[in-house]
Amino acid sequence: MGELLRRYETPGEPLSCERVAQGLLNRGYRLATTRGDYFLKHHLDGDHEAIARQHRATERLQALGVPVAPPVPDADGDTVAVIGGHCYALHPWVHGRHRDGAQLCAVESRRLGALLGLVHTCLAQVMEPDVPKAEHLSADPADTLDLIDDLVARARRHRPRDPFDELAEHRLLERRLLLGVHAHRRPAAPATGAWVHGDFHPLNLLYRGEGRSAEPAAIVDWDRLGVQPRAEEAVRAAVIFFVRPSGELELAKVRAYARAYRRAAGADAEELAAAVHRVWWERLNDFWILRWRYQLHDRRADPLFPAASALAVWWTREYEAVCEAFAG
């Protein structure tokens with residue numbers, strides 16, 4: 001800690017450093033010093049160039065009025081500290097709280113959609129104009145069926161067997177049947193991509209204030225800044241924000257959010273409808289939570305599985321209603 005703080009001009013003396021509990025992939029700490037509080041981020045991937053690109057992007061976005069928390073530069077102007085082969089960054093501590101879709105009314109849902117539209121339009125201004133080509137092939141159902149067979153076998157062997165294993169097996173077998181019916185609907189790869197946040201969800205957005213007067217204080221965690229079809233990020237974000245524990249989407253809020261996003265981003269209904277189809281297919285073929293549990297023996301994402309697995313089934317049944325909410 002001393003070696004890190006010596007790089008900065010006036011960070012103060014360290015008082016405490018506590019691990020931030022929320023977040024599945026990041027390693028972050030609340031660092032208190034005699035000069036104030038900071039968010040200390042340990043970048044596990046250690047890609048110095050990518051981290052520096054993220055930092056430059058947030059600095060430029062802040063200049064355009066996007067609520068972000070760019071890193072604090074050290075005495076030499078660098079924002080990435082490499083210590084012992086590990087990459088760290090120091091950010092100002094943002095006082096705020098997370099809010100999921102259940103805590104947002106229709107007006108706030110519109111503001112959320114407009115905010116993501118602002119992010120996308122501003123990223124188009126601040127990132128390099130030559131967007132790198134990136135393939136975004138849709139999942140192959142044959143590969144998914146092989147994965148289902150593997151996960152079913154693992155769930156059946158798991159001991160001690162618990163209700164999660166029962167639900168996992170049920171959902172896997174259910175999904176196998178759905179894929180058999182809908183395999184012919186595999187979407188083609190999208191033609192273009194754009195710079196996007198890459199991980200826009202409730203834990204990466206902090207609000208300041210209470211109730212309807214609450215305003216976004218900062219969009220954080222830009223680790224997945226990259227090139228993707230922008231409307232797909234809009235759909236994925238809505239699915240995370242507005243899914244109920246039962247796996248249904250709050251379609252009235254989705255509709256308010258999507259219309260505001262389309263206006264802010266200049267996206268048309270056709271672009272959103274195509275994104276809905278690709279993200280639906282993605283969810284139908286996605287078992288990352290079960291892969292974490294059974295292949296990596298990591299249970300941190302287990303609580304997300306009931307709603308996520310129910311959503312794929314509900315979305316398939318209500319496909320037209322979901323499309324209308326996003327593109328109508």
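I began with helix H10, whose buried residues pack against helix H5 (163-182), helix H6 (230-241), helix H7 (251-265), helix H8 (269-284), helix H9 (288-295) and helix H11 (319-327). I note that this is a predicted model, in which local features need pLDDT of at least 70, side-chain atom pairs count only at pLDDT 80 or more, and totals for chains, interfaces and linings use all residues. Residues are numbered from 1 along each chain as its sequence is written, and side-chain values use heavy atoms, with hydrogens and water left out.

I took helices (H or I, at least four residues) and strands (E, at least two) as DSSP runs, numbered from the N terminus. Buried means under 20% relative accessible area, exposed over 50% and partly exposed in between, with a 1.4 Å probe and protein chains only. Contact means heavy atoms within 4.5 Å.

**Entry 1: helix H10**

H10 is mostly covered, with 10 of its 13 residues buried. Among them I list Phe305, Leu311, Trp314 and Trp315.

I then examined Phe305, which lies in H10. Phe305 is buried, with a relative accessible area of 4%. Apart from neighbours within four places in sequence, I found Phe305 in contact with Phe164, Leu167, Ala168, Arg171, Ile289 and Leu290. Between Phe305 and Asp162 I noted 143 residues in sequence and 14 Å in space, C-alpha to C-alpha.

**Entry 2: two helix pairs**

How do H5 and H10 cross? Their axes come within 11 Å and cross at roughly 25°, which makes H5 roughly parallel to H10. Axes are lines fitted to C-alpha atoms, for helices over the stretch in contact, and angles run from 0 to 180 degrees between N-to-C directions. Angles under 35 degrees count as roughly parallel, over 145 as roughly antiparallel, 65 to 115 as roughly perpendicular and the rest as oblique. The contact includes Phe164, Leu167 and Arg171 of H5, with Phe305, Ser309 and Val313 among the residues of H10.

I turned next to H6 and H7, which pack at an angle of about 155° with their axes 11 Å apart. That makes H6 roughly antiparallel to H7. On the H6 side I recorded Arg230, Ala231, Ala234, Ala237 and Ala238, which meet Tyr257, Tyr261 and Ala265 in H7.

**Entry 3: the sheet of five strands**

I traced an open sheet of 5 strands in the order S1-S2-S3-S5-S4, with antiparallel pairing. Strand S1 (14-19) and strand S4 (81-83) stand at the edges, each with a single partner strand, so one side of each has no neighbour in the sheet. The twist averages 30° from one strand to the next. Helix H2 (residues 48-63) packs on the sheet and touches S3, S4 and strand S5 (86-92), with its direction at about 10° to that of S5.

I counted strands as paired if DSSP finds at least two bridges between them. Strand S2 (residues 27-33) and strand S3 (residues 36-43) are joined by 7 antiparallel bridges, with Arg27 opposite His42 in S3. S3 also pairs with S5 in the antiparallel sense, over 6 bridges, and His91 in S5 is the bridge partner of Phe39. Between S4 and S5 I found 3 bridges, again antiparallel. These two strands form a hairpin with 2 residues between them, and Gly84 in the turn has a positive phi of about 60°. S5 is largely enclosed by the rest of the structure, because 5 of its 7 residues are buried.

Where does Pro160 lie? Pro160 is in the loop between helix H4 (141-157) and H5, and the peptide bond from Arg159 to Pro160 is cis, with omega near -5°.

Asp221 has a positive phi of about 60° although it is not a glycine; it lies in the loop between S8 and strand S9 (226-228). His297, in the loop between H9 and H10, has a positive phi near 55° and is likewise not a glycine. Are these two residues buried or exposed? Asp221 is buried at a relative accessible area of 13%, whereas His297 counts as exposed at 67% relative accessibility.
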